[in-house]
Amino acid sequence: MELASSNSRESHVPPEIKKIHSPAVRALLIQVASLAVCVTLAIASKHLFGYLIPFFVLLALQSTASLSLAYVCGMDWWWRVIEFFFPVAVVFALYIRLPPIISLLLFFVLFLIFGSTFRTRVPYYPSEATLPAAILELLPDEQDVKFLDVGSGFGGLLFDLSKARPQWSVAGVEIAMFPWLISVALGKFYGIKNLKFSLGKYEDLDFSKFNVVFSYLSPVVMSEIWVKVQNEMSPGTLFLSYEFCVPDVPAFTEIQTAENAPVLYVWKI
């Protein structure tokens, strides 16, 4: 349902906006446009009515206008959240007067976590705590499982699976440097032998080496990863996707991992 709604909104996006393929550029232009509206209103109110609009009202207007434009431009829900809170975050940062070195450090850490989003169109998604149990129930423990998590983040899912099924071979690939470093460090700290994390793009991996591939990515890349799954995975293997389905490809089964939690989609190759 959410995917259909997103596609419907995208069909109403002006052609000029569709030409801007980078969500980051769209987001920046939205903030600039919203700021221009707020400044214009403030100047008009002062000169025409002699009334100075309070700053907090202009700030609320900036956030609301940014959210509205993000919706009209077909931005995904996480971009709308960012657009709404960005002006508030900027004002708050200026108000508390963070030392430049702290601001630079925060920017560096956030870039290491989220910087790859601009290239991959896949934001950081932490999964629900109920997901590992659903996967363990789906896969009998006597299976010779070679499990790959595409976009493994900080490795939470894989740590749970590798501890519960030490006979499995569990691997994760992550493109963002900071989450990968943390997951590798935690893996060494816990001394987990059946777990391996790789830094890089999933496109560079050979899916034929795995009999279960799991992803929690983004609606915009599901068609792309499905092509790779079909080309490389062997008959009888499984492709799992948390929350996001493959467009126009019915799942073999759908698992409701918990009440009000995302669905785990399962395709049998």
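1. I'd start with S66, which is buried, with a relative accessible area of 0%. This is a predicted model, so read what follows as a description of that model. S66 sits in helix α4, which covers residues 55-72. Its side chain makes a polar contact with the side chain of S34, at 3.1 Å. Leaving aside neighbours within four places in sequence, S66 also touches I30, Q31 and E83, along with S34.

2. Which faces of β4 are covered? Both are: V212 and F214 are buried on one side, and V213 and S215 are buried on the other. As a general point, side chains in a regular strand alternate between the two faces of the sheet.

3. β4 has partners to follow up. Strand β1 (residues 146-150) runs parallel to β4, joined to it by 4 bridges, and within that pairing L148 is the bridge partner of V213. Strand β5 (residues 238-242) also pairs with β4 in the parallel sense, again over 4 bridges, with S215 opposite S241. To get from β4 to β5 the chain passes through helix α11 (residues 222-232), and this β-α-β crossover is right-handed.

4. Helix α9 (residues 156-164) deserves a look too. Its buried residues are L157, L158, F159, L161 and S162. What covers them? The cover includes helices α8 (131-138) and α10 (177-190), plus strands β1, β2 (169-174), β3 (195-199) and β4.

5. Now the charged pairs. How many salt bridges does the structure hold? The count is 2. One joins the side chains of D144 and K146, at 3.1 Å from N to O. D144 counts as exposed because its relative accessibility is 54%, while K146, at 32%, counts as partly exposed. In general, side chains of opposite charge can pair when their charged atoms come close.

6. The other salt bridge is between the side chains of K228 and E232, at 2.8 Å from N to O. Both residues lie in helix α11, 4 residues apart, or about one turn of the helix. Is K228 buried or exposed? K228 counts as buried because its relative accessibility is 9%, with the cut-off for buried being under 20%. E232 is partly exposed, with a relative accessible area of 24%. Beyond its neighbours within four places in sequence, K228 is in contact with Y202, E203, L205, F207 and M233.

7. F207, one of those contacts of K228, is also among the residues with the most contacts inside the largest nonpolar core. In soluble globular proteins, nonpolar side chains tend to be buried together.

8. Leaving aside neighbours within four places in sequence, F239 is in contact with V213 and S215, with M222, I225, W226 and V229, and with V246, Y265, V266, W267 and I269.

Notes:
Residues are numbered from 1 along each chain as its sequence is written. This is a predicted model: local features need pLDDT of at least 70, side-chain atom pairs count only at pLDDT 80 or more; totals for chains, interfaces and linings use all residues. Side-chain values use heavy atoms; hydrogens and water are left out. Helices (H or I, at least four residues) and strands (E, at least two) are DSSP runs, numbered from the N terminus. Buried means under 20% relative accessible area, exposed over 50%, partly exposed in between (1.4 Å probe, protein chains only). A polar contact is a pair of N or O atoms within 3.5 Å; within protein, one must be able to donate a hydrogen and the other to accept it, and residues adjacent in sequence count only if both atoms are side-chain atoms. Contact means heavy atoms within 4.5 Å. Two strands pair if DSSP finds at least two bridges between them. A crossover is right-handed if, with the strands pointing away from the viewer, the path from the first strand over the helix to the second runs clockwise. A salt bridge is a side-chain nitrogen of Lys or Arg within 4 Å of a carboxyl oxygen of Asp or Glu. A nonpolar core is a set of buried Ala, Val, Leu, Ile, Met, Phe, Trp, Tyr and Cys residues joined through side-chain atoms within 4.5 Å.
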